[in-house]
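Student: Could you walk me through the aromatic rings here?
Tutor: Gladly; let us look together.

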Amino acid sequence: MSQQVLKGNLLVAQGGGPTAVINQSMVGVVLEARRYAQVERIYGAVHGVEGIVNEEFMDLTRETVANLEAVAATPSSGLLSTRVKPTPEFCKKMFESMKAHNIRFFFYIGGNDSSDTVRIVNEEAKSQNYEFRAVHIPKTVDNDLVINDHTPGFGSAARYVASAFAGINYDNRALSGVYIGVIMGRHAGFLTGASALGRVFEDDGPHLIYFPEKPFIIESFLADVKGVYEKHGRCIVAVSEGIQDETGEAIVTKLQDNVERDAHGNVQLSGTGALGDLLVAEVKAKLGIGRVRADTLGYMQRSFLGCVSDTDQKEAREVAEKAVQYALIDNLDGSVVMERTGDYAVSYRLVDLKEVAAKTKHMPAEFMNAEGNNVTDAFIKYAKPLIGSGFNPGAKLRAPMVAKILNK
């Protein structure tokens with residue numbers, strides 16, 4: 001006897017930090033879901049999990065295809081997002097709200113915490129014998145979801161970082177000095193490593209790259225900067241906001257007295273620009289170099305309009321379409337993961353939510369050099385396809401110098 005087809009309403013939500021392609025995933029869910037007769041209405045939760053508890057649902061069944069496609073090409077979260085980290089009790093309230101609205105299919109686009117939220121909600125549905133399918137759709141610029149080769153959002157953020165540092169390289173080459181750029185990544189250094197993707201010539205920056213996965217020793221950092229500066233007359237540094245010492249203490253907490261923390265108790269790493277300023281002060285004081293500057297790239301990395309990877313866009317749409325297919329055709333729950341095949345293609349599969357939920361992937365050792373201050377060729381090969389087509393790192397003049405007459 002065939003299994004009865006599950007029918008009801010579908011809910012999609014977005015959580016955590018926005019990205020340049022998260023709307024591709026949201027629109028992918030909506031358009032794919034419209035193909036299935038068992039889906040009665042398609043709702044979008046405004047402000048993620050908060051919107052679910054507060055019953056703030058947008059009826060996306062009534063949205064036009066043309067506008068959905070326009071939103072898909074727009075960065076940041078079209079449904080708006082939230083930083084609320086749900087407790088099990090909060091998840092129960094989420095489920096009761098979904099149950100009241102006859103939500104039978106739930107898709108949550110997000111990172112580590114979002115996958116755990118889906119797991120808890122799904123377990124609550126099972127405990128109440130409520131027929132329900134929940135699927136987590138991967139998203140994070142940090143690229144730190146386990147099992148996944150990479151995650152939607154990373155490629156576009158990496159393209160922005162690569163473009164920014166390629167431009168910084170030309171600026172620094174014109175007027176020299178030391179430049180320090182602080183990049184997102186509390187626990188994973190993938191996005192910081194992307195700063196190297198615009199390098200063409202041997203002397204191009206960033207000359208030094210530091211990751212959360214490797215202990216950051218101030219004395220070694222200063223020696224590295226001194227060595228590069230003496231060799232090239234300039235030095236560009238890319239540093240992750242999450243750099244730590246040998247004990248795991250964030251460097252920003254070691255260099256300042258008053259430490260800011262967010263709502264979850266996490267140390268504010270780069271939002272204030274403190275880390276860059278503190279490293280500048282160290283270089284100026286210890287090395288005596290006058291022209292030293294720092295920038296914190298901040299939110300621009302996540303949702304910079306006009307700097308989007310076409311590869312990232314395509315995969316963000318596809319992974320959402322696959323999520324809907326797993327739930328509606330295969331009648332399965334889980335987390336969709338992305339795997340690399342060949343050079344270069346991706347495939348998708350569904351794994352148990354417990355395999356991904358609340359876990360963090362780190363940069364593999366083979367992606368970082370032994371000194372912990374640069375990427376390897378293996379990382380370049382891994383990351384280059386993700387930033388998409390048409391990336392232009394710029395060029396420099398190659399004409400010969402004219403022989404001097406007065407100052408031979």
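Student: Which residues form one aromatic cluster?
Tutor: This is a predicted model, where local features need pLDDT of at least 70, side-chain atom pairs count only at pLDDT 80 or more, and totals for chains, interfaces and linings use all residues. Residues are numbered from 1 along each chain as its sequence is written, and side-chain values use heavy atoms, without hydrogens and water. The cluster is made of Phe95, Phe106, Tyr108, Tyr130 and Phe132.

Student: How many aromatic pairs does a search of the whole structure find?
Tutor: Rings of Phe, Tyr and Trp (its six-membered ring) pair if their centres lie within 6.5 Å; planes under 30 degrees apart are stacked, over 60 edge-to-face and the rest tilted. Searching the whole structure this way gives 16.

Student: Is the pair of Phe165 and Tyr179 stacked or edge-to-face?
Tutor: The ring centres of Phe165 and Tyr179 are 6.3 Å apart. Their planes meet at 75 degrees, so the pair is edge-to-face.

Student: Is Phe379 buried or exposed?
Tutor: Buried means under 20% relative accessible area, exposed over 50%, and partly exposed in between (1.4 Å probe, protein chains only). Phe379 has 0% relative accessibility, so this residue counts as buried.

Student: Which residue lies over the face of Phe201?
Tutor: A charge sits over a ring if NZ of Lys or CZ of Arg is within 6 Å of the ring centre and within 35 degrees of the ring normal. At 4.3 Å from the ring centre of Phe201, the residue over its face is Lys396.
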